[in-house]
Amino acid sequence: MATSEEEYGSNYKAHLLEQYKLYVEMADRLSSRRQSANSFFLSVNTAIIALVGYLNFGSKASSEFYWLVSLSGIVLCFMWYRLIRSYKDLNSAKFKVIHEIEAQLPLAPYDMEWDKVGRGKNSRLYLPFTRVEVLIPWVFLVLHVFVFLKAVSFLSFLAQELAAK
């Protein structure tokens with residue numbers, strides 16, 4: 001895939017450095033998009049939980065739709081989790097490419113940094129953000145499942161009451 005320095009010509013090193021800078025910037029932009037996606041999903045899930053609380057969960061007046069709201073929250077949490085995993089995989093691939101490019105440069109700062117934190121294998125030196133980040137959708141998912149189960153049990157109770165009359 002890559003062209004050798006001899007085949008490329010005299011601008012090889014300059015163009016390699018420019019491509020490296022561009023690729024590092026693209027990796028940074030990916031991290032920014034990842035943070036924006038997390039902010040979006042956090043806001044939507046917080047709004048759903050707030051809405052359920054505001055509508056006075058447990059009230060007989062409006063609880064017949066809680067199952068639908070919580071089900072949408074469950075779907076959102078799963079999508080959020082999958083998106084985090086996708087960003088993690090894409091970031092990992094980008095940094096592998098960055099390390100390969102750095103192997104051709106006089107200094108490899110990202111590879112050196114990765115080495116200093118034990119290449120992610122020692123949690124006392126470095127705890128990968130994804131390990132913490134991936135837990136947040138699960139916390140919201142548990143809340144949504146709780147609301148869903150509560151709403152379904154309420155609907156069952158309401159159906160039994162109506163059938164008894």
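**Figure 1. Overview of the predicted chain.** Of the 165 residues in the chain, 28% are buried, where buried means under 20% relative accessible area, exposed over 50%, and partly exposed in between (1.4 Å probe, protein chains only). This is a predicted model, in which local features need pLDDT of at least 70 and side-chain atom pairs count only at pLDDT 80 or more, while totals for chains, interfaces and linings use all residues. Residues are numbered from 1 along each chain as its sequence is written, and side-chain values use heavy atoms, with hydrogens and water left out. The chain contains six helices and zero strands, and its elements follow the order α-α-α-α-α-α from the N terminus on. Helices (H or I, at least four residues) and strands (E, at least two) are DSSP runs, numbered from the N terminus. Among contacts with a separation of 6 or more, 77% are between residues 24 or more positions apart; a contact means heavy atoms within 4.5 Å. The chain exposes about 11300 Å², of which carbon and sulfur atoms supply 64%. Accessible areas come from the Shrake-Rupley method with a 1.4 Å probe, and for residues only the protein chains shown count as cover.

**Figure 2. The nonpolar surface patch.** Phe 65, Trp 67, Leu 68, Leu 71, Val 75, Met 79 and Val 152 make a nonpolar surface patch of about 610 Å². Patches are made of residues with over 30% relative accessible area and no salt bridge; like charges are joined within 9 Å, and nonpolar side chains (Val, Leu, Ile, Met, Phe, Trp, Tyr) within 5 Å. Helix H3 (residues 66-102) gives the most to this patch, with five residues. Val 75 lies in helix H3 and counts as partly exposed because its relative accessibility is 45%.

Figure 3. The structure holds five salt bridges, each being a side-chain nitrogen of Lys or Arg within 4 Å of a carboxyl oxygen of Asp or Glu. In the one between Lys 21 and Glu 18, the closest N and O atoms are 3.3 Å apart. Both residues lie in helix H2 (residues 12-54), three residues apart, which is about one turn of the helix. Lys 21 is partly exposed at 46% relative accessibility, and Glu 18 is partly exposed at 44%.

Figure 4. Arg 34 and Glu 133 form a salt bridge through their side chains, with an N to O distance of 2.4 Å. The pair links distant parts of the chain, since Arg 34 is in helix H2 and Glu 133 is in helix H5 (residues 129-133), 99 residues apart. Arg 34 counts as buried because its relative accessibility is 8%; Glu 133 is buried as well, with a relative accessible area of 3%.

Figure 5. The side chains of Asp 115 and Arg 119 meet in a salt bridge, 3.9 Å from N to O. Asp 115 is partly exposed, with a relative accessible area of 48%, and Arg 119 is partly exposed, at 31%.

**Figure 6. The crossing of helices H3 and H4.** The axes of H3 and helix H4 (residues 109-116) come within 8 Å and cross at roughly 115°. Phe 95, Ile 98, His 99 and Glu 102 of H3 make the contact with Pro 109, Tyr 110, Asp 111 and Trp 114 of H4. The residues of this contact comprise five nonpolar, one polar and two charged. Here Ala, Val, Leu, Ile, Met, Phe, Trp, Tyr, Cys and Pro count as nonpolar, Asp, Glu, Lys and Arg as charged, and the others, Gly among them, as polar. Axes are lines fitted to C-alpha atoms, for helices over the stretch in contact, and angles run from 0 to 180 degrees between N-to-C directions.
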